[in-house]
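I opened a new page for this model and wrote down what I looked up, entry by entry.

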Amino acid sequence: MERLTIITGHYGSGKTTFALNLACDLAAAGKAVTIVDLDIVNPYFRTEDHRAMLESHGVTVISPPYANTNLDLPGLSAQIYGAFERAGEVILDVGGDDAGATALGRFTRQIEQRGYEMLCVINARRNLTAEPEQAAELLREIEQASRLKTTALVNNTHLKQFTEPKTVRDSLPFAAEVSRLTGLPVRYTTAPKALAEQLREIPNLYPVEPFVRTPWES
Amino acid sequence: MAEKVLMKGNEALAEAAIAAGCRHFFGYPITPQTEVAAYMSKRMPKIGGTYLQAESEVAAINMVYGASSAGMRVMTSSSSPGISLKSEGISYLAGADLPALIINVQRGGPGLGGIQPSQSDYWQATRATGHGDFHILVFAPSTVQEMVDLVSDAFDLGDQYRMPAMILSDGMLGQMMEPVVLPEASDKPLPEKPWATNGTKGGRPHNIINSLYITPTELEQLVFERFKKYDEIKDKHQKAECYLTDDAEIVVVAYGASSRIARSAVNTAREQGIKAGLIRPITLWPFPDKAIKAAVPTAKQFLCVEMSMGQMVDDVRLAVNGAKPVAFYGRTGGVIPTPAEVLDQIKKSGGAE
């Protein structure tokens, strides 16, 4: 069995964008990939929005049964239990903050049995977690709610379409400080694909496609 | 200038209210506005403010009434069905000449409707947030930054004219993220409220906050005075953005999230040689009829675009007053029109070669 990767972090830190990119990239590398939309908090802007795109890349998508309907029912699909048994790469896109991570707690046993990597997405330009201490505090709250341990950080600092190379470069000290405070490595620093060439000097750079858009940006 | 940060529309509303000096929030959870309350619950205790999740929307709006009576800068927020529940309280606020900020992050209706974005509460916001002869101020931001900017305007104008103010948002604007520059916390003192019931200190006579008037003529006189005030507001405080309207033959009128879609369609129309423009009302009450009238001379056709079955279109027709045809295009129930659909309507409105 291959990896189980859990994506957590602050609301709007870019968890879904990172999860979608990871799923597509692993699928492009020939892996069998399953992505689970585990967001029970956010009504819009979620993995389920991108089902057609993901399926066209050969990714299996498991979502809450009422995602993107008019119902405010944060139910989780029983299919999720099956996901922990699946061969191939499994990605859990978790809802924001400790509130979103609460949903993980229900699967702690299955997750620990399979073995996991839990990534915490941080963004130096995201209000309320823009200070390293705030980001580290939220990371601890997510661990408490999920009863799982974070294994690494993903520095996903961006300002949506206003992201410049400087936005990413200026975030490196922030990520280093969160890393120092938490004792966790920075697994990746992301950058929009269009800027990746200019940021080659950054170690573990992960170019991402900004899939999450408003209706007038498409 | 402060650094830009990413915020959800709902969070930006809450943070802007705090920056504008609001220290009292009373609410009740409902999707898609919940982040406003969630944000307040995190922030208010840290800054010596009050966050209270009431037992219902009705309770929350009456707590707002109490805090406003005592002269506090106060707010509540909800989504469509919750605003209907608050409507009795909003009428009482208007009847007692009390300022307060009310946020409506609109979702599909009627009834429980649904949790997806909508603009079908325009009539409610501008015509009937409660019973009786009154208006409230209604602001319609279209970006997260504008939410931040309009919150302080809404508080200030509400205080100046002693009346409730509403930010009419929608689920899309509330949930999406954009970079914003947050305002510095204002150090200017909030306006004096000599009418507030905040203690006589053994000196001044008692203030009374009330919306009950025993004699009909006294009530009539008071309503007359309020309507004089409304006339002054209509004259002085209309706000709209006019985009490419100087020579526009097809004038699209849209507010909030649908104005973002309409702008995208207008840009594409211009690329295709169609003289399209956009009027984006920023105040919905007072409705910016001056901006609409100014576009009449070049216009061949107006096109109102809304996420509803057509509500603001009534105000556009009143402003145009039969001088030019006014068409309507909308999606409803939580469905968002696409830029391509709006472009199609622009072409049907006579913009095609």
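Where in chain B does B:K201 lie? I found B:K201 in the loop between β8 and α8 (216-236) of chain B. I note that the model is a predicted one. B:K201 is not a glycine, yet I read a positive phi of about 55° there. I put B:K201 down as exposed because its relative accessibility is 73%, and the cut-off for exposed is over 50%.

I then looked up A:L128, which is not a glycine either and has a positive phi of about 80°. A:L128 sits in the loop between β5 (117-122) and α6 (132-146) of chain A.

Next I checked for cis peptide bonds. One joins B:G109 and B:P110, with omega about 5°. I placed B:P110 in the loop between β5 (100-106) and α5 (122-127) of chain B. The bond from B:W285 to B:P286 is also cis, with omega near 0°. B:P286 belongs to the loop between β12 (283-285) and α10 (289-295) of chain B.

Last came the interface. I have 33 residues of chain B in contact with 23 residues of chain A. The two chains bury about 2,600 Å² between them, and 59% of this is on carbon and sulfur atoms. B:L6, B:I115 and B:M177 give 23% of the area that chain B buries against chain A, more than any other three residues.

I noted three salt bridges between the chains. In the one formed by B:K42 and A:D97, the closest N and O atoms are 3.3 Å apart.

How values were computed. Residues are numbered from 1 along each chain as its sequence is written. Chains are lettered from A and ligands numbered from 1 in the order in which they are written. This is a predicted model: local features need pLDDT of at least 70, side-chain atom pairs count only at pLDDT 80 or more; totals for chains, interfaces and linings use all residues. Side-chain values use heavy atoms; hydrogens and water are left out. Contact means heavy atoms within 4.5 Å. Buried area is the accessible area (1.4 Å probe) that two parts lose on being put together, summed over both. A salt bridge is a side-chain nitrogen of Lys or Arg within 4 Å of a carboxyl oxygen of Asp or Glu. Helices (H or I, at least four residues) and strands (E, at least two) are DSSP runs, numbered from the N terminus. Buried means under 20% relative accessible area, exposed over 50%, partly exposed in between (1.4 Å probe, protein chains only).
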